[in-house]
Each structure stands twice: as C-alpha cells, then as structure tokens.
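Welcome, and thanks for taking a look at this one with me. Please keep the structure open while you read the points that follow.

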Amino acid sequence: HPSYHHRTSIQQLELLQRKAALIVPAFETLHYRLTFPKSKAELLSMLDMGSLYTFRYHVWPKGHAPTDYAKWRTATVPYRVAWQPDFEPYVVVRRDCPKYDQRFVGFGWNKVSHIMELDAQEYELLVLPNAFMIHMPHAPSFDISKFRLSAGYRGCLQTLREEFHQDLSRRYGAAALKYLTADRSL
C-alpha cells in the first residue's frame, strides 16, 4: 500500500524530526481515464511514451521546475532543492508547520506563499525519490475563471501579494529580501 510505504520510508529517514517539507513530484495526464502506475519505473515509461507530463508543463512550468524532474528520474534518496520564484510543489509537512495564509483563498498564490514562508523559516525542501502524484483533468474552477476574466480580481491578488511581502520583511528581516526582488523582476 503506497501510503504505508511512504510512512515507513519517512520514519526510517527520520525526516520528520528535521525541519523539512517533503516534496511529492507531481505529474498530470490529459486523459480522463488512466491506469495509475504501480511503480516509479512504470510512471517513467508512461512519461516517455507521452501519456503523462510533468505537472503544468504546458502552462506554468515555473511552478514545479525546481523539483528537478531530470534528477528525480534516477534519484534513490531524498535530495534537497532550492526555493525559486513561483515554486508551488505539493508537500508533506508536520502539523506544527506554518499555516497557509488565509488571505489567499480562491485562485492564486496559496501554495506559492506557503512555500515561501517555509523557506523563510529555513525548512529544507526535500524531494522524495519514490513518491509521485498524478493530477487528473477536471473542469476549471469558478475562481480561475474569475481570475482570468476580472481585472479587479487580479488587482486584489496583486495587493495581497504586496501585503504578504511586507509581512515577510517584518517577520524575517533581510532574509526576506530575496522574495521581494524575485517578485519585482517578474
């Protein structure tokens, strides 16, 4: 059973005693029906055949590029990756980690801001070598439609991002500057 397997490997590595965010590499399919791969080897062959892609490869590669899928293909132990702008991986963290910022409801910036805060608190970002998840196609959410259609919605999100950056600067001082400069250059 996969969840049992991940639990034991996480316990063996004592990853949860460390201040770590465990990254589960994300993939996606454009097919509504998919036989879920039973192993990493099976997933890699599906990737090579083109029935799977790395998550959001077509629309938003920045969101998951730092996971370093090329390294993941051959990884047998967890490896550390560095934070980069717009990184929004799916993570497993201890319950006592920083909570999601509740300003970011709906579409946009909830995972990005969370990872930023974990990084600011010096969490290690560790990619799990044998874990993976697959995003299945579904109808667009109501909120992404609002984001795409409404300049007001996008404007509000921008204001909240700026507020969030100011809060990070207040809480983490000079260490938070990298987030601000990264965002300015976008």
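Are Phe27 and Trp72 buried or exposed? Both Phe27 and Trp72 are buried, where buried means under 20% relative accessible area, exposed over 50% and partly exposed in between, with a 1.4 Å probe and protein chains only.

1. Some ground rules. This is a predicted model, in which local features need pLDDT of at least 70 and side-chain atom pairs count only at pLDDT 80 or more, while totals for chains, interfaces and linings use all residues. Residues are numbered from 1 along each chain as its sequence is written, and side-chain values use heavy atoms, with hydrogens and water left out.

2. The pair from the opening. Nine aromatic pairs are present in the structure; rings of Phe, Tyr and Trp (its six-membered ring) pair if their centres lie within 6.5 Å, and planes under 30 degrees apart count as stacked, over 60 as edge-to-face and the rest as tilted. The Phe27 and Trp72 rings have centres 5.4 Å apart and planes at 50°, so this pair is tilted. Phe27 belongs to strand S2 (residues 26-28) and Trp72 to helix H3 (residues 69-74), so the pair ties together parts that are 45 residues apart in sequence. Helices (H or I, at least four residues) and strands (E, at least two) are DSSP runs, numbered from the N terminus.

3. Phe27, Tyr69 and Trp72 are linked into a cluster by ring pairs. Lys40 lies over the face of Trp72, at 4.3 Å from the ring centre; a charge sits over a ring if NZ of Lys or CZ of Arg is within 6 Å of the ring centre and within 35 degrees of the ring normal.

4. Another ring pair to find. The rings of Trp109 and Phe164 have centres 5.9 Å apart and planes at 85°, so they form an edge-to-face pair. Trp109 is in the loop between strand S5 (90-92) and helix H4 (110-120), and Phe164 is in helix H6 (residues 151-172), so parts that are 55 residues apart in sequence are tied together by this pair. Trp109 counts as buried at 7% relative accessibility, and Phe164 counts as buried at 0%.

5. The nonpolar cores. A nonpolar core is a set of buried Ala, Val, Leu, Ile, Met, Phe, Trp, Tyr and Cys residues joined through side-chain atoms within 4.5 Å. The largest has 36 residues, and those with the most contacts inside it are Phe27, Leu43, Trp72 and Met116. H4 gives the most to this core, with five residues. Leaving out residues up to four places away in sequence, Leu43 touches Phe27, Pro37, Leu52, Trp72, Phe132 and Ile134, with contact meaning heavy atoms within 4.5 Å. A second, separate core of six residues includes Leu22, Val24, Leu128 and Ala131.

6. The sheet. Which order do the four strands of the open sheet have? The order is S4-S6-S1-S5, with mixed pairing; two strands pair if DSSP finds at least two bridges between them. Strand S4 (79-81) and S5 stand at the edges with a single partner strand each, so one side of each is left without a neighbour in the sheet. S4 and strand S6 (residues 124-127) run antiparallel and are joined by three bridges, and Tyr79 has Val127 in S6 as its bridge partner.

7. Strand S1. Five of the five residues of S1 are buried, so this strand is largely enclosed by the rest of the structure. In a regular strand the side chains alternate between the two faces of the sheet. Here Ala20, Leu22 and Val24 point one way from S1, and Ala21 and Ile23 the other way. S1 pairs with S6 in the parallel sense over four bridges, and with S5 in the antiparallel sense over three bridges. Ile23 has Val127 in S6 as its bridge partner, while Val24 has Tyr90 in S5.

8. A histidine in H4. His114 is found in helix H4 and is buried, with a relative accessible area of 5%. Apart from neighbours within four places in sequence, His114 is in contact with Cys97, Pro98, Lys99 and Tyr100.

9. Two backbone spots to check. Asp68 has a positive phi of about 65° although it is not a glycine; Asp68 sits in the loop between strand S3 (53-54) and H3 and counts as partly exposed at 31% relative accessibility. Asp86, in the loop between S4 and S5, has a positive phi near 70° and is likewise a residue other than glycine. At 7% relative accessibility, Asp86 counts as buried.
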